[in-house]
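Please examine the sequence and the structure shown below before reading further. The paragraphs that follow lead through the annotated regions and then through the packing of helices.

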Amino acid sequence: MTLSPTPEISDTKYKRVMLKISGEALMGDQGFGLHPPTVQRIAQEVKSVHDLGVEICMVIGGGNIFRGLSGAAQGMERTTADYMGMLATVMNALAMQAALESLSVFTRVISAIPMDQVCEPYIRRRAVRHLEKKRVCIFAAGTGNPYFTTDTAATLRANEMGCQAIFKGTKVDGVYDKDPVKFADAKRYDTVSYDDVLAKRLGVMDASAIALARDNNLPIIVFSLDEPGGFRGILAGRGTYTKVQG
C-alpha cells in the first residue's frame, strides 16, 4: 500500500536544497572546536526537513577549527593555510554525519580532496544518485582548490546537484543594511537583489559565490539557524528570512 504524501510535503516548494552553515555554528557557546549538543541540535533540524521528503545537500565551513585567511594573516603561506582549512571542513562533516546517522538519517560525506578511508571522493553522478536515494550529502574540503571559500563551494555544488535554492544558516534572521548586533536601527530586507548585495557589500556570502548564484539564477535564502524549527518552517512557508534573487 502506497501512502499519499502529507499536505506539508506536497506544499513544500523546494524538493532539493543546499544548506550552508559556518563552522562557527558548531561551536555553541565555546570559543573553539565542536560542541556535541549543538551539532546534535542542527542534525535534528536537518532531519526534520529530510522527513518532509526534501533532498538535502550540506556544506559546513571550518572556521571553528582553522580558517585559512587568518592563518595566512599570521604569516603562513596562503595555499597551505587554505588546505588546512579544507581539512577542518572534513572533520566538521564527519561530526555532522555521525550526528545525522544517530538519528537514522543515511548520510554520505563527499570530499573534493580524495581520502578514501574516511569519505567518498567527489563524483557528480554518484552524488546525484545518493540524493535520489534520499541520503543527505555533505560536501567537504571546499572546491579542492585554495583561494576559494566554502561559500563558493556551496554555490558550485548546489548548481552541479541541481538544487533549487541555497539556505544560508546564520546567527540573524536575514540580511540587514548594517550589523543588527551593533546598530538597533538596522533594517532587514525581505528580498534583495544579487547586484545590491555586491554593490552594498552586505556580507551574505563572498563576491564570487554571489556572482555564481546570480549567473545561474539560484536564490539564496538567509535565515537564523538559532531559531528552533526555522529551517523546516521556511520550507513550509513560515518564518522570517531574506531571499536574495535577481
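In which strand does I21 lie? The model is a predicted one, and in it I21 belongs to strand 1, which comprises residues 16-21. I21 is also one of the positions that UniProt, in an unreviewed entry, lists under "binding site".

As for its place in the fold, G62 is found in the loop that joins strand 2 (55-60) to helix 3 (68-73).

The record also describes a longer stretch of the chain. UniProt places the feature "domain: Aspartate/glutamate/uridylate kinase" (unreviewed entry) at residues 15-224. In the model, this span is 39% helix and 20% strand, and its end C-alpha atoms lie 21 Å apart.

The discussion now turns to how helices pack against one another. Helix 2 (residues 36-50) and helix 4 (residues 78-102) have axes that come within 9 Å and cross at roughly 60°. Because of this angle, helix 2 is oblique to helix 4. The crossing in which helix 2 passes helix 4 is right-handed. On the side of helix 2, the residues in contact are V39, Q40, I42, A43, V46 and K47, and they meet A95, M96, A99, L100 and S102 in helix 4. By class, the residues of this contact are eight nonpolar, two polar and one charged.

A second pair is formed by helix 6 (residues 150-161) and helix 8 (residues 207-215), which pack at an angle of about 20° with their axes 8 Å apart. Why is helix 6 described as roughly parallel to helix 8? Angles under 35 degrees count as roughly parallel, and the angle of about 20° between these helices therefore makes helix 6 roughly parallel to helix 8. Helix 6 passes helix 8 in a left-handed crossing. In this contact, D151, T152, T155, L156 and N159 of helix 6 meet S208, A209, L212 and A213 of helix 8. The contact of helix 6 with helix 8 consists of four nonpolar, four polar and one charged residues.

How values were computed
Residues numbered from 1 in each chain as written. Predicted model: local features only at pLDDT ≥ 70, side-chain atom pairs only at ≥ 80, totals over all residues. Heavy atoms only, no water. Axes fitted to C-alpha atoms, helices over the stretch in contact; angles between N-to-C directions. Helix = DSSP H or I, 4+ residues; strand = E, 2+ residues; numbered from the N terminus. Parallel < 35°, antiparallel > 145°, perpendicular 65-115°, else oblique. Left-handed = near helix turned anticlockwise from the far one by under 90°. Contact = heavy atoms within 4.5 Å. Nonpolar A, V, L, I, M, F, W, Y, C, P; charged D, E, K, R; others polar. UniProt positions renumbered as here; feature names shortened; annotations may be inferred.
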